[in-house]
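Thank you all for coming.

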Amino acid sequence: MNNNTSEKSALVIGAGIAGLMAARVLSEHYDTVVVIERDSKPEQPGTRAGVPQSFHLHQVLPRGEMILERFFPGFLADLLALGAFSTPNATATMINRYGTLAFPGDGRAMTYSRALLEWAMRQRVQAIPNVRFLYHQEVIGLESSSDRTTITGVHIRERGQLEHRATLSADLVVETSGRSSRLPSWLTALGYELPEDERIKANIGYTTRNYKVPANRGENVAVIVVEASPATGHFTGGVLKRIENDIWTVCLASVGGYYPPTDPAEFEAGLRSLPTSPALADMLQGAEPLSEPRGYRIPECIRHHYERIEEWPSGLLVLGDALCHFDPVYGQGMTLAAIEVETLAAGLSEQQGQPQHGFERRMLQQMQEAIAPAWWRSSIEDLLWPGVVHNGPDAIQNVPLLHKYFDLCLKQSTRQLEQSQRQGDFDMLYFKYFLMNWLFIAPREVINTDMLNALLASETPASKQAILADLFAGYDQPIETLLAEIVPDFSLTFEMPGGFTSDEEAAS
Ligand SMILES: Cc1cc2nc3c(=O)[nH]c(=O)nc-3n(C[C@H](O)[C@H](O)[C@H](O)COP(=O)(O)OP(=O)(O)OC[C@H]3O[C@@H](n4cnc5c(N)ncnc54)[C@H](O)[C@@H]3O)c2cc1C
C-alpha cells in the first residue's frame, strides 16, 4: 500500500457509523481509503458483535438525517426501499411531566433500526470505487515516524490470530473504533502525555425488547417517548419506536445506578410504572415479544480532550465515540459523529489537497467546538439525577440555575405548544427549546431575556415575580447580564440549515 508516493491514502479504523461517514468524505480527497473492521463482513442488516449497543433502540436526530442525505444523496429513499417504516400518516408523540406533544409525519419521515441505517450506509460506501474494506482485521497499534511526530500507519492482526500481524501505511489514519477505543494506550505507548478527559459518571442503564406490531394496530404510531424526572422515580423514561419488519423496539432507561430490569414481567411493569404515562405498557398489551429484554450498562460518558495535546502528531485524527461518547438517552451520538465528519469535510475542502502544518490538531479543535454545546447540554441534564458526578478540567458552572431555567422552558414550551396545536397553529418560538436539544440551534437562542419574557408571558404578574425570585435566588446581577454569562462562549453555534440546498451542491 502507498508504494506510489504521489498517491495519497487514508486508513479508517472501524466500520461503524463514524467510520463509514468518514470513509465517504475521505474518498473525495485521497486516492485510496481502506476501512479496517474487526468484525466479519455482514451479509444482511443485523446486530453484530463489534457494536454491542446495536440491539438497543437508536434514533437519529433530524439534523443527523440531513447530514446523511448530503453525504449520500437519496439516502432516506434507500432506507425506505430497504423497509424503513414510512411515517407520513404516523405520529411521534412526546409525553413529559407537563403534557403531551404529537408531531405528525411530514410525508418524508421514516423510522428504522440502527442496524438498517448502518447497512444502508455500508452499501453506499462499498460502492465508492476507491474505498476498500478489510474485514476481520483488528488494529492493535499505531506506526509512527522515528521521531514519533507523525503517524504513518497501523499495525493489524487477523481477529483471533495472534501470529498474523501486518503493518499498513497511510498518509492519514482516522480512528473511529467507538467507545472501546484503545487510542489512549496507543498514544501513551508512543510517549504522548494525555490531557485530563471529562467524565460524566452517570451509571446509565438501558433495557430493550422487541415486539411484533399487532395486526390492525399501531399504523399511526411512529414513536412514543415517555420522559420521567428525578422527582418521580428511578427511570429517565421509555421509548417505543416502530422499525422495519413490523417491529416495535421498546426501551426503558435510567441514570444514576438503578438499572432497568431484564426480567420480562419486571420490564413491562417498569414501563407501566412510568409516572408521566402508562402509554407504552398500554400499547404493548397483547403484542407478541420477539426477544427477551436485553440490558446495557454505561458507567460513564467520556469526552477526550486530544486537541489539548500541543504536539498532536500529524497523520492522525479521531472522531465518533472514540473522541467523545455521550449519554445515549438524548439520542445525540450518531448525529454528533455526522457533525464531526461534516467538520472534517469542510477542513479537507479548505485544504484543497495541500496538507497544511497543524491541520489535524486544528480539526480536533473544531470538532470539539462543534460538539461542546451538546456535551454541555447532556451533562446538565444528567446532573439532575442523584449520584451523577462530572469530573474534568473545566467545571460546569451554574448547574442549579440552568436546571431551573430548562425546567421552565420544558414546562412553558409544552403548555404553549399543546395549546397552539389544539388551535391548529404552531408557534416556532416555543419550539426553540426542542430545537436546541435536537442540535439545531445554539443554547444562547434559548437562554436570553426575550425568551424568558416569552416563557413568562402567560403568567400573572404575581406568579411571574415568584418564578423570577426562585430562578435567580442568590444572584445579584441584572437578569440580562446573568443570562448572557451562564451560557459558555460556544464559538461554533448550531445553525438551522437554511442554505441546505447550496450546501448539498457544495458536497456533491
Ligand atoms: C444503549 C445505547 C443506545 C444508543 N442510542 C443512540 C441513539 O438513540 N441515537 C444516537 O445517535 N446514538 C445512540 N447511541 C450512541 C451510538 O451508538 C454511537 O454514538 C455511535 O455508534 C458512534 O459511532 P462510532 O462509529 O463512533 O462507533 P461504533 O458505531 O461503535 O463503531 C465502532 C466500530 O469499530 C470497530 N472496532 C473497534 N475496535 C476496533 C479495532 N481495534 N480494529 C478494527 N475495528 C475496530 C467495531 O467493531 C465497530 O464496527 C447509543 C449507544 C448506546 C450504548
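Predicted model: local features only at pLDDT ≥ 70, side-chain atom pairs only at ≥ 80, totals over all residues.

Residues are numbered from 1 along each chain as its sequence is written, and side-chain values use heavy atoms, with hydrogens and water left out.

Around the ligand there are 35 residues, the closest being E37, Q59, R114, D321 and M334, where being near means having a heavy atom within 4 Å. Domain 1 (9-53 + 61-84 + 114-196 + 302-374) and domain 2 (86-110 + 199-299) both contribute to this shell, so the ligand lies between them; the bounds come from an automatic or database domain assignment.

Looking at individual atoms, a polar side-chain atom of H58 lies 2.8 Å from a ligand oxygen, and a backbone N or O atom of Q59 is likewise 2.8 Å from an oxygen atom of the ligand. The protein buries 97% of the 990 Å² that the ligand exposes when taken alone, with areas from the Shrake-Rupley method and a 1.4 Å probe.

Turning to the sheet, five strands run in the order β7-β2-β1-β11-β18, open and with parallel pairing; strands are DSSP runs of E, at least two residues long, numbered from the N terminus, and two of them pair if DSSP finds at least two bridges between them. Within this sheet, β1 (residues 9-13) and β11 (residues 172-175) pair over 4 bridges, and V12 has V174 as its bridge partner in β11.

Conventions
Polar contact = N/O pair within 3.5 Å; in protein donor to acceptor, adjacent residues only side chain to side chain.
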